[in-house]
Amino acid sequence: MYVAVKGGEAAIRNAHAWLAEERRGDTSVAELSIAQIREQLSLAVNRVMAEGSLYDPDLAALAIKQARGDLIEAVFLIRAYRTTLPRFGATRPVETADMACDRRISATFKDLPGGQILGPTFDYTHRLLDFKLAAEGGKEVQQAEQAGDAAPAPVPHVTGFLNREGLIEEAPRDDTPPPDLTREPLEMPADRALRLQALTRADEGFTLSLAYSTQRGYARNHAFVGELRIGTVAVEMDIPELGFAIDIGEITLTECETVNQFTGSKTEPPQFTRGYGLVFGQTERKAISMALVDRALRWEELGEDDMGAPAQDAEFVLYHSDNIQATGFLEHIKLPHYVDFQSELELVRKLRREAGAEPMQEAAE
Amino acid sequence: MKDTVDGNEDRKGWMSLFARAPEGRVAALLDAACTRPGFTWLRPPEIGSVMVQGRAGGTGAPFNLGEMTVTRCALKLASGEAGHAYVQGRRKPDAEAAALVDALMQTDLADTLRTQVIAPLGAELAAATQARAKKAAATRVDFFTMVRGED
């Protein structure tokens, strides 16, 4: 148990001053601006927004700068800031079917309405270091090609095609107000809405590893990426004082729908089942991971067997997926525990006396 | 003071445009179009958050996706018209400019502002969206499934 301590003010002040100096680094090197971080480290910014659970690229960039690039520390700063904001209300659910897609691919259908759009992806790059990027200043930026034909055609969800044949489970519209883990403590059993909220803000590394475990056989479900799309959606909210809804902004989202083999169960017919991932920003590793873990956690409602796999255990997954809770508890053990440890020390000495062990000093003499 | 349904559609359109306008853009267009009138605050600019919702499977039950920052305000012109704004991010001057245009759109200045603020802003945002859509379209692929060697 942590017990409050006094003193050390001067040392703490000096430590923080040194931290500021180290954060700045060598002053002969130009200082990073928030705009540079926002524009040039945008995937780090996206991760901090997703796990910080607050969409604001400038704030996420500031947090990354302040945290010296420690993304979990940056998420911590965003979560702390978030609690100071008054909440104006909730938006209408975003319509991902209307997304202006930068990227949209399917691993299950090669010819699909709306087409396969690669977007600004690392896929098919050679993963060789590009030393041209190390050259300082003045380099011409390669401009992206623009295709002449970009008529805004509808880009329907892939799962819609399978639904027409009745081969995949439906996701029928439902307007039950969702629970909110930022207002009520997360308690088990958690329904799917609560699980999705926890997963979308979950640590990327933890979610990735759990998803990987399901692919390796811990909770048998073979997933295909039915569809992955990245792009912007309008955010619409009802404004009570006006009596109608307006768009209050536009956000970038990554959505992943997996299609999973399912041979049927006691309660469900053989059909494809679905896992769902939706995450702030361009965050496709996280969105795919989320969809796999979401699917694994659905074993009970689909009447599957509990295989005892970690990814099937909602309590294990949801109580350990939040990196701020995890790091808060983990890192507190480095803070002064002197009183606690003193009593442990007394206990061990007493047990040794009772066991007849000679004190070390005497034995040495 | 609710408008007709058509009026609402129109107003919804410009308010939605202002919400996602680049920083300082509405103010610049407004100041180029007219001198700002006097006003009193009904609700001074306030920064807060809204909880964004998604739907499971894209179409199913809603869930809470996370929050986004929003700035809102409301004001009243000396002549009585009220203007409201909700804009994305932490942008008090932008919210003020948006609420001013919203109020002025209910005055004789409406036509001027429609051609000098709303139309150019709409065109700028549409051009940005179109440029991005064209880049995406240039990365459209056709995958060919190779025929396997076995008989």
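**Close-up views of chain A and chain B**

**View 1. Polar contacts at the interface of chain A and chain B.** Between chain A and chain B, 30 residue pairs are in polar contact, with both residues at pLDDT 80 or more; such a contact is a pair of N or O atoms within 3.5 Å, within protein one able to donate and the other to accept a hydrogen, and neighbours in sequence count only through side-chain atoms on both sides. Strand E6 (residues 244-260) of chain A supplies eleven residues, the largest share of the side of chain A that touches chain B; strands (E, at least two residues) are DSSP runs numbered from the N terminus. By class, that side of chain A holds 36 nonpolar, 16 polar and 21 charged residues, where Ala, Val, Leu, Ile, Met, Phe, Trp, Tyr, Cys and Pro are nonpolar, Asp, Glu, Lys and Arg charged, and the others, including Gly, polar.

The model is predicted: local features need pLDDT of at least 70 and side-chain atom pairs pLDDT 80 or more, whereas totals for chains, interfaces and linings use all residues. Residues are numbered from 1 along each chain as written, chains are lettered from A and ligands numbered from 1 in the order written, and side-chain values use heavy atoms, without hydrogens or water.

View 2. In chain A, 73 residues are in contact (heavy atoms within 4.5 Å) with 55 residues of chain B. About 5,900 Å² is buried between the two chains, and carbon and sulfur atoms give 58% of that area; buried area is the accessible area (1.4 Å probe) lost on putting two parts together, summed over both. Eight salt bridges are found across the interface of chain A and chain B, each a side-chain nitrogen of Lys or Arg within 4 Å of a carboxyl oxygen of Asp or Glu. Arg82(A) and Glu67(B) form a salt bridge through their side chains, at 2.4 Å from N to O.

View 3. Strand E2 (residues 87-93) of chain A pairs in the parallel sense with strand E1 (residues 39-55) of chain B over four bridges; pairing requires at least two DSSP bridges. Met51(B) in E1(B) is the bridge partner of Ala90(A). Val52(B) also belongs to strand E1 of chain B. Val52(B) counts as buried because its relative accessibility is 0%, buried being under 20%, exposed over 50% and partly exposed in between (1.4 Å probe, protein chains only). Not counting residues up to four places away in sequence, Val52(B) touches residues including Thr91(A), Val94(A), Val235(A), Ile251(A), Phe63(B) and Leu65(B).

**View 4. The hairpin of E5(A) and E6(A).** Antiparallel pairing joins E5(A) and E6(A) over 16 bridges. Glu236(A) stands opposite Asp247(A) in E6(A). Four residues lie between the strands of this hairpin, in which Gly243(A) takes a positive phi near 85°. Strand E5 (residues 223-239) of chain A is also joined by five bridges to strand E3 (residues 100-105) of chain A, and the two run antiparallel. Leu228(A) in E5(A) is the bridge partner of Ile105(A).

**View 5. Strand E7 of chain A and Asn260(A).** E7(A) pairs with E6(A) in the antiparallel sense over eight bridges, and Tyr276(A) in E7(A) stands opposite Glu257(A). Eight of the eight residues of strand E7 (residues 273-280) are buried. In a regular strand, side chains alternate between the two faces of the sheet. One side of E7(A) carries Thr273(A), Gly275(A), Gly277(A) and Val279(A), the other Arg274(A), Tyr276(A), Leu278(A) and Phe280(A), all buried. Asn260(A) lies in strand E6 of chain A and is buried, at 0% relative accessibility. Its side chain makes a polar contact of 3.1 Å with the side chain of Thr258(A).
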